[in-house]
Amino acid sequence: MAGGRPGHRCWHLALTSVDFIADVHLTDGPVLWVAWTAGVLGTGWLLWARGRRWMLSVGAALVLAAGVVLAVHWLLMYVFLTLPEELPREVLAWFVAVVFALFLWVLRLWKLRRRRSAAAGKPAWRAGSAATAAMLGVFLLGAVQINAYFGLNHTVSDFLGTAAARIEPLDPGLKRQPGAPQPTALAAWHAPDGMPDSGILQKAAIPGSSSGLTTRDAYIYLPPAYQATPRPALPVLVLFSGQPGGPSDWLTGGALRSRMDRFATEHHGVAPVVVVVDPNGTAAANTLCMDSRIAKADTFLSHDVPQWIEQNLDVDPDHRQWAAGGFSFGATCAMQMGTRHPDIYAAVLAFSSEREPALAKERQKTIDAAFGGDVSAFDAQTPLNIMHERRFDGNAIYFGAGSRDPEFLGYMDELSRAARSAGFAVEARAVPNAGHSWETASRGLPPALDFMAQRWRISQ
């Protein structure tokens with residue numbers, strides 16, 4: 001019988017539908033337009049009413065919403081130590097809009113309860129349902145816009161984490177074999193016929209053998225050249241995500257695979273082996289990437305991670321070919337690795353780096369929590385202080401920050417001046433029309449890789 005069994009066709013159709021939903025974009029296209037339509041109509045419905053008393057109530061609700069958002073923002077920075085830096089103004093504005101819609105919804109329900117019926121003789125429950133739908137429309141728009149600003153979840157699959165969940169554990173055949181000779185020097189290697197067109201993503205657990213740190217799985221990008229026989233001695237790029245966050249953020253917001261594949265295509269299949277590691281252990285934790293009362297994160301990143309890479313992956317053993325990079329907290333972490341351990345990480349890619357590691361906006365709270373109030377112990381580990389005391393001739397740093405992120409542009413200027421004075425080869429660029437978002441890292445990565453190509457001796 002042509003066409004196969006009905007059950008198989010239904011199963012195939014179901015899988016196709018799931019894939020279609022997973023690939024739906026959240027930051028543009030129909031979802032964005034639906035969100036704007038629902039948000040605008042919902043706001044109009046919640047606001048519309050006659051009478052001076054209602055207008056006064058609306059004004060009070062707006063002031064109260066702004067006050068609540070700013071108060072929570074202040075508490076998260078100065079009391080609960082959840083945010084080391086202020087949230088962008090655009091993000092705060094959308095949070096105000098969402099809370100404002102919530103208060104308007106409460107006012108609507110209170111008004112309906114007093115009157116026991118809606119206008120035009122409709123039952124109260126119907127008007128109440130309409131108010132709820134209007135509020136949810138504003139919530140949808142706020143969520144879409146906040147996500148779009150940070151640039152973290154581009155598709156439904158990104159949001160649900162299904163793409164990262166499908167990544168397979170590191171194939172034993174791709175690991176470095178015990179006793180195997182070092183891979184072929186990159187200068188003497190030639191791309192063989194039949195080499196894959198794209199790299200692959202795998203994952204692996206990196207044990208905290210010396211640090212005692214328990215972390216989430218690392219994600220590993222292996223370029224086409226790594227899959228060839230023989231393998232060349234490829235450079236290494238160790239990446240860190242922002243905080244709160246996790247390694248998978250580099251796969252979604254950072255668009256790591258597509259960026260690395262593009263670089264590899266331009267360089268005959270050659271690109272660095274990228275290992276995205278977790279210095280925190282959980283999404284909300286903050287180890288400061290230091291050895292402190294909190295954790296031995298520095299030991300994990302400077303000992304456990306390099307040791308695991310060298311034992312498990314065929315890479316260039318010359319650490320002058322190694323780099324650390326990251327976004328926001330991760331960029332600060334990369335700066336720490338590049339200044340505290342320049343013999344391990346000879347270059348840094350820092351996208352939206354903080355001025356220094358921080359648990360809270362108030363500096364002393366970070367020092368109290370991590371070092372029991374010992375300012376000198378904290379200062380001894382910060383990149384700015386180290387760069388004022390040491391030379392780093394021969395090493396390099398690429399800085400990037402969003403052009404719409406004035407606070408972190410200021411940090412970039414201060415850090416880049418200090419780096420140049422300390423002997424680093426430095427390039428610093430503002431990413432046009434980007435804020436403090438993953439767009440900065442995603443769009444900043446290609447020019448950063450171009451900056452590194454000559455150091456890695458990768459030619460086009």
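Is Trp-94 buried, partly exposed or exposed, going by its relative accessibility? In this predicted model, Trp-94 comes out as partly exposed, at 23% relative accessibility.

Let's start with the aromatic rings. A pair of them is described by how far apart the centres are and by the angle of the planes. The count here comes to ten aromatic pairs. Take Trp-36 and Trp-94: their ring centres are 5.9 Å apart and the planes sit at 75°, so this pair is edge-to-face, an angle over 60 degrees being what that takes. The two residues come from distant parts of the chain, 58 residues apart: Trp-36 belongs to helix H2 (residues 30-47) and Trp-94 to helix H4 (residues 89-115). Trp-36 is also partly exposed, with a relative accessible area of 34%.

Now for another pair, Phe-392 and Phe-424. These rings are stacked, with 4.6 Å from centre to centre and 10° between the planes. This pair, too, links distant parts of the chain, 32 residues apart. Phe-392 lies in the loop between helix H14 (383-389) and strand S7 (396-402), while Phe-424 lies in the loop between helix H15 (406-421) and strand S8 (425-431).

Here is how the four residues sit in terms of accessibility:

| Residue | Relative accessibility | Class |
|---|---|---|
| Trp-36 | 34% | partly exposed |
| Trp-94 | 23% | partly exposed |
| Phe-392 | 3% | buried |
| Phe-424 | 5% | buried |

Elsewhere, ring pairs join Trp-250, Phe-327 and Trp-438 into a cluster. And there's a charge over a ring as well: the charged end of Arg-108 sits over the ring of Trp-45, 4.9 Å from its centre.

How values were computed
Residues numbered from 1 in each chain as written. Predicted model: local features only at pLDDT ≥ 70, side-chain atom pairs only at ≥ 80, totals over all residues. Heavy atoms only, no water. Phe/Tyr/Trp six-rings, centres within 6.5 Å; stacked < 30°, edge-to-face > 60°. Helix = DSSP H or I, 4+ residues; strand = E, 2+ residues; numbered from the N terminus. Buried < 20%, exposed > 50% of the residue type's maximum accessible area, 1.4 Å probe, protein only. Lys NZ or Arg CZ within 6 Å of the ring centre and 35° of its normal.
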